[in-house]
Amino acid sequence: MGPLPRTLELFYDVLSPYSWLSFEVLCRYQNIWNINLRLQPSLIAGIMKDSGNKPPALLPRKAQYLASDINLLRQHLQVPIQLPKDLFSVLLEKGSLSAMRFLTAVNLEHPEMLEKVSRELWMRIWSRDEDISEPQSILTAAKKAGMSAEQARGLLEKISTPTVKNKLKETTEAACKYGAFGLPVTVAHMDGQTHMLFGSDRMELLAYLLEKWMGPVPPAVNARL
């Protein structure tokens, strides 16, 4: 009998492009590293407010850097990510509250679908420049991820219930208690210790805590999305 898998929590919001990058790399490594990857849908707006942080795109120089950074990361990590044309509308006007409540409902009732539905929402907003805020957009993403129309509609009807709203709030507060000031946040639980790592560029440091690093696309992993 081999060693038990170590637990990693990924706190993420589909409004965060860097969360998508962390998500894909961790999904590629979850068997290589023998980890129990727990996906934790959270609300980045709540974390930013709690920490007093501001979106990097609000600063002109950071916004300019973001475009070139995403372009290089798309090639390096082999994730089809690109900025939407109206970035400020996506980030500051539409937001992700309904989408993250929907993913919270998925996690509560159909956790086996959480990875695929999360990925499809990221694909919509950060690859195809499509909406994720309207109910029909969320339903389309869920069905494309493999969820039945009946399942998706049932979950969408629950996103305003206290159970779902409170769960998203609890998960967001948990990220804040770990020290989050943005997303993604990866929390590694191992050997009685807890390590909080911020950002998508901490994978080598995470590998130092766990096992070897073989790059963002390890051998024998098909990264094509």
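How many bridges join strand β3 to strand β4, and do the two strands run parallel or antiparallel? In this predicted model, 6 bridges join β3 to β4, and the strands run antiparallel.

**View 1. Strands β3 and β4 form a hairpin.** Strand β3 covers residues 185-190 and is joined to strand β4, which covers residues 193-198, by the 6 bridges named above. Within this pairing, Val187 has Met196 in β4 as its bridge partner. The hairpin leaves 2 residues between the strands, and Asp191, which lies in the turn, has a positive phi of about 55°.

**View 2. Ala207 is a buried residue of helix α10.** The helix that holds Ala207 spans residues 203-209. Because its relative accessibility is 3%, under the 20% limit for a buried residue, Ala207 counts as buried. Leaving aside residues up to four places away in sequence, Ala207 touches Trp33, Lys212 and Trp213. Of these contacts, Trp33 stands 174 residues from Ala207 along the chain, yet the C-alpha atoms of Ala207 and Trp33 are separated by 8.4 Å.

**View 3. Leu58, Phe88 and Leu92 form a nonpolar patch on the surface.** Together, Leu58, Phe88 and Leu92 have about 270 Å² of accessible area. One of the patch residues, Leu92, lies in helix α4, which runs over residues 87-94.

Methods
Residues are numbered from 1 along each chain as its sequence is written. This is a predicted model: local features need pLDDT of at least 70, side-chain atom pairs count only at pLDDT 80 or more; totals for chains, interfaces and linings use all residues. Side-chain values use heavy atoms; hydrogens and water are left out. Two strands pair if DSSP finds at least two bridges between them. Helices (H or I, at least four residues) and strands (E, at least two) are DSSP runs, numbered from the N terminus. Buried means under 20% relative accessible area, exposed over 50%, partly exposed in between (1.4 Å probe, protein chains only). Contact means heavy atoms within 4.5 Å. Patches are made of residues with over 30% relative accessible area and no salt bridge: like charges are joined within 9 Å, nonpolar side chains (Val, Leu, Ile, Met, Phe, Trp, Tyr) within 5 Å. Accessible areas come from the Shrake-Rupley method with a 1.4 Å probe; for residues, only the protein chains shown count as cover. A salt bridge is a side-chain nitrogen of Lys or Arg within 4 Å of a carboxyl oxygen of Asp or Glu.
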